[in-house]
Amino acid sequence: MAAKPKLYYFRGRGRMESIRWLLAAAGVEFDEVFLEKKEQFEKLEKDGRLLFGQVPLVEMDGMMLTQTRAILSYLAAKYNLYGKDLKERVRIDMYVDGTMDLMMMIMLTPFKPPEEKEENLALIVKKAKARYLPVFEKILKDHGEDFLVGNKFSWADVQLIEAILMMEEINASILSDFPLLKAFKTRISSIPTIKKFLQPGSQRKQPPDQHYVDTVKHVLQL
Amino acid sequence: MAGKPRLHYFNGRGRMETVRWLLAAAGVEFEEQFFETRDEFEKLIQGGTLMFEQVPMVEIDGMNLVETRAILRYIAAKYDLYGRNLKEQAWIDMYVEGLKDLSDMIMYFPLSLPEEKDMNLEYILERATSRFFPVYEKALRNHGQDFLVGNRLSWADIQLLEVILMAEECKPSVLSDFPLLQEFKARISHIPTINKFLQPGSQRKPPLDEESIKTVKNIFKFERGMFLKNMATIVAEY
């Protein structure tokens, strides 16, 4: 019987959070190893488990998977969340890449100088409202379906709801001009696997705090 | 009959170059629509074909594809350059993601502040020879095959050749400690479609020069010191 996927990362969101979301959405149980000391990271490197010396690392199906997008694509395909053909797949890829561009801005904010924080967050909100959210609102409006692609739950829906919740942590009323996205958020949150992941006690991680930033810097010797 | 794919970008490498390589390697003819000024770029944005107001954009099979990775994956899958199963695909994805990190550094290098050029170049070459190239050299040594994945040509091989050539433009002897990569380079360069793309007169673009750097800065409104911020971004990319 196949072992559960094992995730190696810091005890926080970072680049691993989207992977946790996708596994959870697919109803796949996973184990986690949290990196807290630089010696743990050095050992992973020395053991040759990190292809390019980086985490996230996911051990599954006899492979050491690294590179966030490679991992996410693999999971999406394996668990049937990647559309039914190439045309649906490319739409999912476009939507998730756009969403992840936005999320990257949020993810990097705690690592930037504190005096830039206000400005960074304002820019993120601005881009979300002007460039990204309107695109997804329009997609839902144009086809009138419950999910972004192919009338079926996919990776694109998981990525979008993760992004929406992250943005609401920055700006609670960010969806105020986007009624269909509001409905989307409610709808996707009610999917049993997602609902479970949103409960306290799940493997979903908290927003980054100073302790998280310090741990990352220590482990990676930044 | 479907028209040829049409690429929308400026007349230079940037993020579109890997798309050109992949199409060329697959033997697919394509057209290009270049914008040369900020105004022309804004006109393209107004036209509503850029999903997130960004390029690259490729018109193909009745779609306006954006996001470089999405475009490359589509082309790789369509032209059978993406492995034969999910595991091969995962290996190709890991290899090309690594290559993207290196090629982004090289891509942004011309935007360095003058006083930081030397330092940035040294950093790029150090990364190339200690983090990236050893991975590919080892992959080839371990399986002893001609191609990176699945014993047949894939997107990973094409992008590796592209990045090797870019790195050699930074330092011609950059492959001196990597004999298998040297052989790989010769071998892949001889594939007829790729050989053709390497000839003068193909749609392959030259590196940025003084003139084209100015054009790029104008079109995309890059700030001063953007490269250093990006270097910092790349380093702190966790």
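The largest cavity in this predicted model is lined by A:Arg15, A:Ser18, A:Thr68, A:Arg69, A:Met100, A:Met103, A:Met104 and A:Met107, and its volume comes to about 70 Å³. In all, two cavities of 30 Å³ or more are counted. The points below take up these cavities, then a sheet in chain A, and finally some backbone features in both chains.

**The largest cavity**

- Helix α4 of chain A, which covers residues 86-108, gives the most to the lining of the largest cavity, contributing four residues.
- Both α3 and α4 of chain A supply at least two residues each to the lining of the largest cavity, and A:Thr68, A:Arg69 and A:Met100 are among the residues found there.
- Sorted by class, this lining holds four nonpolar, two polar and two charged residues; the residues that line the cavity include A:Met103, A:Met104 and A:Met107 as well as A:Arg15 and A:Ser18.

**The second largest cavity**

- The second largest cavity holds about 40 Å³ of space, and the residues that line it are B:Arg13, B:Glu17, B:Trp21, B:Glu162, B:Leu165, B:Met166 and B:Arg204.
- In chain B, helices α1 (17-25) and α6 (155-170) each supply at least two residues of this lining, and the largest share, three residues, comes from α6(B).
- The lining of the second largest cavity has three nonpolar and four charged residues, with no polar residue.

**The sheet of chain A**

- Four strands of chain A form an open sheet with mixed pairing, and their order across the sheet is β2-β1-β3-β4.
- Strands β2 (31-34) and β4 (63-66) of chain A are the edge strands, each of them pairing on one side only, and the twist from one strand to the next averages 20°.
- Strand β3 of chain A, made up of residues 57-60, pairs with β4(A) in the antiparallel sense over four bridges, and A:Val58 has A:Leu65 in β4(A) as its bridge partner.
- Helix α3 of chain A, residues 68-78, packs on the sheet and touches β3 and β4 of chain A, while its direction makes about 120° with that of β4(A).

**Cis peptide bonds**

- Most residues other than glycine have a negative phi, and most peptide bonds are trans, which gives the background for the features in this group and the next.
- In chain A, the peptide bond from A:Val55 to A:Pro56 is cis, with omega near 10°, and A:Pro56 lies in the loop between α2 (38-46) and β3 of chain A.
- In chain B, B:Val55 and B:Pro56 are joined by a cis peptide bond whose omega is about 5°, and B:Pro56 lies in the loop between α2 (38-46) and β3 (57-60) of that chain.

**Positive phi away from glycine**

- A:Asn80 is not a glycine, although its phi is positive at about 60°; A:Asn80 sits in the loop that runs between α3 and α4 of chain A.
- B:Glu67, likewise not a glycine, has a positive phi of about 70°, and its place is in the loop between β4 (63-66) and α3 (68-78) of chain B.
- B:Glu67 counts as buried because its relative accessibility is 12%, and buried means under 20%.

How values were computed:
Residues are numbered from 1 along each chain as its sequence is written. Chains are lettered from A and ligands numbered from 1 in the order in which they are written. This is a predicted model: local features need pLDDT of at least 70, side-chain atom pairs count only at pLDDT 80 or more; totals for chains, interfaces and linings use all residues. Side-chain values use heavy atoms; hydrogens and water are left out. Two strands pair if DSSP finds at least two bridges between them. Axes are lines fitted to C-alpha atoms, for helices over the stretch in contact, and angles run from 0 to 180 degrees between N-to-C directions. Contact means heavy atoms within 4.5 Å. On a 1 Å grid over the protein atoms alone, a cavity is a set of points where a 1.4 Å probe fits but cannot get out, and a pocket is an open set with protein on both sides within 12 Å along at least five of seven lines; lining residues have an atom within 4 Å of a point. Grid points are joined across faces, edges and corners, and a volume is the space filled by probe spheres set on the points. Ala, Val, Leu, Ile, Met, Phe, Trp, Tyr, Cys and Pro count as nonpolar, Asp, Glu, Lys and Arg as charged, and the others, Gly among them, as polar. Buried means under 20% relative accessible area, exposed over 50%, partly exposed in between (1.4 Å probe, protein chains only).
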